[in-house]
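Subject: Handing over a structure

Dear colleague,

I am passing this structure on to you, and my notes on what was found in it follow below. Please read them with the structure open beside you.

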Amino acid sequence: MSVFKVASRYAKSLIDLASEQGSLETIKTDMDSFITVLKSSSELQAVLANPIVPLDKKKNILDALFKDKINPNILAFFKIMINKGRGTIVYATAQEFVREYNEVKGIVKATVTSAAPLSEANLAAMKDVLAKETNAQVILNNKVDSSLIGGFVVNVGDRQIDASIAGKLNKLERYLNQGN
């Protein structure tokens, strides 16, 4: 079974537990903190994934870093995963939890890549258009890529809208090459 499927199943069970207990929002906030710590420390991720490191040591590390800082249910949940030999997917499960939380709450993440930074007004307008199109709350991230020359590329989930000059030039080049 793929890492994604396993992480998704664990995340789903944590979402269900948090929903039953009415603590979904607090667990989401704590999960964001947990992800931030793991993302900033590749060494911690490596230790959790290493099968040679004893399970007790891994659990003690989690206690030292997160006890009294995150919801005890999250800590207990990840300790259970470690006991089951799933330390390699703790980080993936945390990320999947956030993705599934966003899905439950109707939140969509989008990225707009532009040739130059977009103004706040442009970002707000694009966010509104995307919210109407997706019928969801949109979290919009702006990236800059000068190779686009002008215009923008929007990614929402698995959809992409390319309104960049570089994209139009590439389409024109493919069209002209087909004629030869």
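Does Lys105 count as buried, partly exposed or exposed, and at what relative accessibility? Lys105 counts as partly exposed, at 40% relative accessibility, where buried means under 20% relative accessible area, exposed means over 50%, and partly exposed lies in between (1.4 Å probe, protein chains only).

Before going further, please note that this is a predicted model, in which local features need pLDDT of at least 70 and side-chain atom pairs count only at pLDDT 80 or more, while totals for chains, interfaces and linings use all residues. Residues are numbered from 1 along each chain as its sequence is written, and side-chain values use heavy atoms, with hydrogens and water left out.

Salt bridges

A search of the whole structure finds 8 salt bridges, a salt bridge being a side-chain nitrogen of Lys or Arg within 4 Å of a carboxyl oxygen of Asp or Glu. Lys105 takes part in one of them with Glu25, and the closest N and O atoms of this pair are 2.9 Å apart. Because Glu25 lies in helix H2 (residues 24-40) and Lys105 in helix H6 (residues 90-105), the pair ties together parts that are 80 residues apart in sequence; helices (H or I, at least four residues) and strands (E, at least two) are DSSP runs, numbered from the N terminus. Glu25 is partly exposed, at 40% relative accessibility.

Another salt bridge joins the side chains of Lys12 and Asp16, at 3.1 Å from N to O. These two residues are 4 residues apart in helix H1 (residues 3-21), which means that about one helical turn separates Lys12 from Asp16. Lys12 is partly exposed at 42% relative accessibility, and Asp16 is partly exposed with a relative accessible area of 33%.

In the salt bridge between Lys59 and Asp56, the closest N and O atoms are 3.7 Å apart, and the two residues, 3 residues apart in helix H4 (residues 55-66), are again separated by about one helical turn. Here Lys59 is buried, with a relative accessible area of 17%, whereas Asp56 counts as exposed at 53% relative accessibility. Salt bridges that share partners also join Glu96, Arg99, Glu100 and Glu103 into one network.

The sheet and its surroundings

The structure has an open sheet of 4 strands in the order S2-S1-S3-S4, with mixed pairing, where two strands pair if DSSP finds at least two bridges between them. Strand S2 (137-144) and strand S4 (159-164) stand at the edges with a single partner strand each, so one side of each is left without a neighbour in the sheet. On average, neighbouring strands of this sheet are turned by 15° against each other, direction ignored. Strand S1 (residues 107-114) pairs with S2 in the parallel sense over 8 bridges, and Lys109 stands opposite Ile139 in S2.

Helix H7 (residues 120-134) lies across S1, S2, strand S3 (151-156) and S4, and runs at about 135° to S2; axes are lines fitted to C-alpha atoms, for helices over the stretch in contact (heavy atoms within 4.5 Å), and angles run from 0 to 180 degrees between N-to-C directions.

Finally, Leu148 is found in the loop between S2 and S3 and counts as buried, at 10% relative accessibility. Leu148 and Ala115 are 33 residues apart in sequence but 5.3 Å apart in space, C-alpha to C-alpha. Leaving aside residues up to four places away in sequence, Leu148 touches several residues, including Thr113, Val153 and Ile165.

With kind regards
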